[in-house]
Amino acid sequence: MEPRGRAIAVAAGAAVVAVALFLVLRDSGGSDTTSKPVATNEAPAKKEPPKEKRKPPEAGTETIEFKNGAPVGGVQEIEVSSGDEVSLRMTSDVPADVHVHGYELEGEAAPGDPATFDFRATAEGEFEVEAHEVTGGHEEEGVQVASVTVTP
Amino acid sequence: VISLSLPSAHGVLIGREDLPVPEWLFAWGASAVLIVSFVVLSTAWRSQRFDRDNWRPFAPALSRLVTSRITEVLAGAIGVFLLGVVVWSGLEGTEAANLNFAATFVFITFWLGTVALSVVFGDVFRAFNPWRAIAKAWVWAAALAGRRPRAPLEYPERLGRWPAVAGIVAFVWFELVYGAGAIQTTGITPHSIAIASIVYTGYALGGMALFGIDRWLARGEAFSVYFEMFSRLSVFEVRERRLGIRRILSATTTWAVVPGSLALVLATIGNTTFDGAQEGFLGGAIDRFANGLENIGLDALWSIRVSETLFFAVTLAAIALLYWIGVRGMRTVRGSPALRDLATAFAHTLIPIGLAYLVAHYFSLVFFGEQAQVTYLLSDPLGDGSDLFGTASTGIDYTLLSATAIWYIQVGALIVGHVTGLILAHDRAIGVYGEPRAASISQRWMLLVMVAFTCLGLFLLSQSNA
């Protein structure tokens, strides 16, 4: 009985230590995802957007070019953090309807008249952006042009 | 050249994919697995605990409510009605899978939701099974006409649950491989779901006509056999029309004695593994092989289907091999029974792992997919703009679950499944080896198998859509 009792005590101790370590080290371990606290107390720092590295060109607008029925350069992978303001723009060489899944946004693009979306990334996950060519007044089969990945 | 990389069937249904589990959580999950493993090993109990079920009936009034003829007829009618709605919406509705009742109902509500219900409430599918209801109604009608239909054939018991294994693998093949081009007009369409439902109805009813209703439900009707396996984890059980409660996990211990049971639980794990792997680390290989097939003249869609079929088979074989290695190792312990008996003896310990894999991979899909099911897909089953219950314009609220919450549920499910599997394995080892020392040596091998399965599960989660 006694060695068994000791083994349980050791195991339970190990479990407690592991949980404690986990709680202490969790945030430093996840250094690449520390945006969570930033997102919750963003109220004071409203004027200057803190994420400078993510948005180099065109004042933070992600641009997709839809040409010959496909996105130029393949499906565009767009990554943002939860709570970010997202700006999407799709140019097209034909009339097309664009749909951002999950956020249920719909827009229309035409040659010289891109579709634009401005929204706040509130839902987390990977969401599909789909374009449908419009011919003769009705939508063709959808083509994925981008994925929007919203990380915590 | 078109890219063969296509979004997964599930992503198409709800327009969202889970984020891969981050590295730090992967590492902590794996460490937790090792720690809890040693906790289980160090608390080694010395006599079997789960071999007696201690089933006790509830008060007769409660039993009557659940098992009365009226309840049975009502539940059966609901099942038949839903099967009818699937076929009707599949044939008549829009071919956009995400806007048609049929796809979400079959692949999310039925296939995944029934597993959850079975684990919590017991073998509920038996009551709602539309094929059983149709067959029972037929027998009842024949009795009114003064005839007693009898099964012309004796079910060959050697076959055991193998027909159900084939059925489950075929279902997943249909979902993941045939539906590989699951976007709009290629792959799975609501129309093909309706056709498959009609074909399967023929299979289920035909089997019952040949071998008898109960025999076929217990052996060949794939969904009955599959959901019944998960219901063994539940504490509720109906015996001779009386509802009762049994010791948790006890019903799993007698499950695997029928031939084909081991194959069924391994296939369950293999199915989920393949779905995770094809979106993750196998995706590139599947694409390259499919491209090769396309270069030798196969058309694009069938190239990817043939390629996926091959990798699906390899995945199933790899899962079986992993288990076999563990059993082979256990066999080296003195006093072990024959290899085949040993493999069967521990098969039931994989049921919790199979469940954990399902929860880890599909929890968020069910959570979001059911919101679609009970709102717009209910009000507008055909996707033609109707609004039967006024919920056609209500959508899925994707902000209800954060990515972090989903990660914790995924990793937590794997750890709980792992511990449950270990507990069952330890309990069985005491029965098989009798003597505690040999039992605990044999469990080092089972521990290896369980850790491998759980870490594979974690790895798949960290890989998906990567």
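Modeller: Let's start with what is tucked away: the buried residues of H4(B) are Glu72(B), Ala75(B), Gly76(B), Gly79(B), Leu83(B), Val85(B), Val86(B), Val87(B), Ser89(B) and Gly90(B). Buried here means under 20% relative accessible area, with exposed over 50% and partly exposed in between, using a 1.4 Å probe and protein chains only. Keep in mind that this is a predicted model, where local features need pLDDT of at least 70 and side-chain atom pairs pLDDT 80 or more, while totals for chains, interfaces and linings use all residues. Residues count from 1 along each chain as its sequence is written, chains are lettered from A and ligands numbered from 1 in written order, and side-chain values use heavy atoms, without hydrogens and water.

So what covers those buried residues of H4(B)? The cover includes four helices of chain B: H5 (101-121), H6 (125-128), H7 (130-144) and H9 (190-211). Helices are DSSP runs of H or I with at least four residues, strands are E runs of at least two, and both are numbered from the N terminus. Covering goes by contact, meaning heavy atoms within 4.5 Å.

As for length, H4(B) takes in residues 69-92, and its 24 residues at 1.5 Å each should span 34 Å, which agrees with end C-alpha atoms 34 Å apart. The expected span is 1.5 Å times one less than the number of residues.

For context, chain A has two helices and nine strands, in the order α-α-β-β-β-β-β-β-β-β-β from the N terminus. Of the 152 residues in chain A, 35% are buried.
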